[in-house]
Amino acid sequence: MKVLVTGGAGYIGSHTALSLLEAGHDVVVLDNLCNASKEALRRVEEIAGRTLSFIEGDIRDRACLDQLFKEHDIHAVIHFASLKAVGESVAQPLAYYDTNVAGTVTLCKAMQQAGVFRLVFSSSATVYGPDAPVPYQESMPRGRTSNPYGTSKSMVEQTLEDLVQSDGRWSVVLLRYFNPIGAHPTGRLGEDPQGIPNNLLPYIAQVAVGRRSTLTVFGNDYATADGTCVRDYLHVMDLAEGHVSALDRLTVLGAQAYNLGTGQGLSVLQMVEAFERISERPIPYQFAPRREGDLAAFWADPSKAEKELGWKARRSLDEMVADTWRWQRRNPHGYRTEINTTSQGAS
Ligand code: NAD
Ligand code: WQD
């Protein structure tokens with residue numbers, strides 16, 4: 001089937017575009033490249049040995065969307081396009097609501113006009129809020145969100161639930177990601193954050209490769225085994241495969257949420273130890289006060305996705321770290337540079 005992947009040049013989108021091509025689907029990517037590089041898509045095509053269609057455009061541009069649906073017989077849409085930096089969302093809430101909420105509304109209107117009613121939406125564990133018991137289950141209500149980014153995800157979930165209530169033709173799958181990390185095992189696709197990484201793993205990887213000197217660990221006084229925060233890290237390739245599985249669920253009308261996580265929690269210091277062990281590089285760190293908005297510990301109950309999507313995260317922590325490290329060594333400055341590490345005998 002032909003799948004539109006909005007935000008498909010981004011971190012998760014590019015890995016998903018590759019999995020879709022490898023599963024035999026045809027892929028159309030729409031991306032405004034505000035946080036991505038076309039090089040990622042070039043490499044996706046190289047690895048897959050197949051081409052995809054790329055349209056540089058904005059999900060808020062209705063005319064662009066109408067033209068795209070006119071030119072391509074789209075079977076389903078996987079919607080990644082979004083702004084996603086928590087701190088930035090506090091400083092620029094209008095930009096986040098404009099892209100994440102209004103952009104999704106424009107996309108859905110264009111889909112409706114084109115007679116396309118199958119949508120997979122990139123949601124986030126952040127919608128559960130701070131009061132949900134762990135492990136998070138899809139039956140739990142959405143909770144208080146503590147920043148415009150998280151609120152925008154919650155608002156879009158509500159919007160889509162209201163849409164399917166109003167129009168029985170829609171089938172919507174809400175995928176609630178926990179903490180995606182890792183990179184394609186070739187080391188040619190990976191996470192390429194602009195500026196100082198907000199997230200833990202890209203920051204650790206940049207310390208390991210020498211771009212950053214020291215990791216700051218935000219808080220070591222949490223009620224966890226080693227005092228540092230615990231999260232459910234899953235391999236981005238597992239996540240990508242979860243989207244391919246979710247397409248098969250789009251035969252069921254209505255809206256369904258699924259947790260995409262491993263069901264296991266790992267602490268910041270456990271991630272540091274794993275990275276040092278796998279990369280054989282020191283990761284110097286210093287403790288600092290807690291980061292505003294961080295929760296002590298959460299992880300997924302992934303049993304619904306396993307039962308109904310036939311999906312389970314299967315890659316190990318060592319694979320997540322090894323693949324991250326291979327990507328970072330080969331691309332010390334992300335997609336702007338690539339060093340052929342095979343000549344250095346590196347695995
Ligand atoms: P990313 O920034 O790498 O990918 C988002 C892509 O969307 C980028 O390629 C960007 O250029 C594009 N984009 C942004 N605004 C656009 C617009 N108006 N029109 C067209 N394209 C636009 O981020 P990611 O980590 O790959 O996240 C993908 C999705 O998954 C996002 O919706 C994000 O909120 C969600 N998510 C990410 C995480 C995570 O930890 N990475 C966790 C939970 C949910
Ligand atoms: C993980 C842990 C930090 C960086 C965020 C968003 C969430 C989703 C995934 C989009 C935390 C600690 C981090 C650093 C550190 N994104 N840390 N030093 O906060 O669980 O989730 O990304 O949907 O919405 O909130 O992930 O990687 O930022 O942090 O100590 O330099 O690592 O305090 O405990 P998080 P993260």
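The residues of the shell around ligand 2 comprise nine nonpolar, five polar and three charged; here Ala, Val, Leu, Ile, Met, Phe, Trp, Tyr, Cys and Pro count as nonpolar, Asp, Glu, Lys and Arg as charged, and the others, Gly among them, as polar. This is a predicted model, in which local features need pLDDT of at least 70 and side-chain atom pairs count only at pLDDT 80 or more, whereas totals for chains, interfaces and linings use all residues; side-chain values use heavy atoms, with hydrogens and water left out. Residues are numbered from 1 along each chain as its sequence is written, and chains are lettered from A and ligands numbered from 1 in the order in which they are written.

- Ligand 2 has 17 residues around it, of which Tyr149, Thr216, Arg231, Arg291 and Asp294 come nearest; a residue is near a molecule or strand if one of its heavy atoms lies within 4 Å of it.
- Strand E8 (residues 215-218) gives the most to this shell around ligand 2, namely four residues; helices (H or I, at least four residues) and strands (E, at least two) are DSSP runs, numbered from the N terminus.
- Domain 1 (2-180 + 234-260) and domain 2 (200-231 + 264-335) each provide at least three residues of the shell around ligand 2, the domain bounds coming from an automatic or database domain assignment.
- In the side chain of Asp294, an N or O atom is 2.6 Å from an oxygen atom of ligand 2. The protein buries 88% of the 690 Å² that ligand 2 exposes when taken alone; accessible areas come from the Shrake-Rupley method with a 1.4 Å probe, and for residues only the protein chains shown count as cover.

- Asn35 has a side-chain N or O atom 2.8 Å from an oxygen atom of ligand 1, and a polar side-chain atom of Lys84 lies 2.9 Å from an oxygen atom of ligand 1.
- A polar backbone atom of Ile59 is 3.1 Å from a nitrogen atom of ligand 1. Of the 820 Å² of accessible area that ligand 1 has on its own, the protein covers 95%.

**The seven-stranded sheet**

- Seven strands form an open sheet in the order E3-E2-E1-E4-E5-E6-E11, with parallel pairing; two strands pair if DSSP finds at least two bridges between them.
- Strand E3 (53-56) and strand E11 (254-260) stand at the edges with a single partner strand each, so one side of each is left without a neighbour in the sheet.
- Strand E6 (residues 171-177) pairs with E11 in the parallel sense over seven bridges, and Ser171 stands opposite Gly254 in E11.

**Backbone features in loops**

- The peptide bond from Val134 to Pro135 is cis, with omega near 5°, and Pro135 is found in the loop between E5 and H6.
- Leu33, a residue other than glycine, has a positive phi near 60°; Leu33 is found in the loop between strand E2 (26-31) and helix H2 (38-48).

Notes. Polar contact = N/O pair within 3.5 Å; in protein donor to acceptor, adjacent residues only side chain to side chain.
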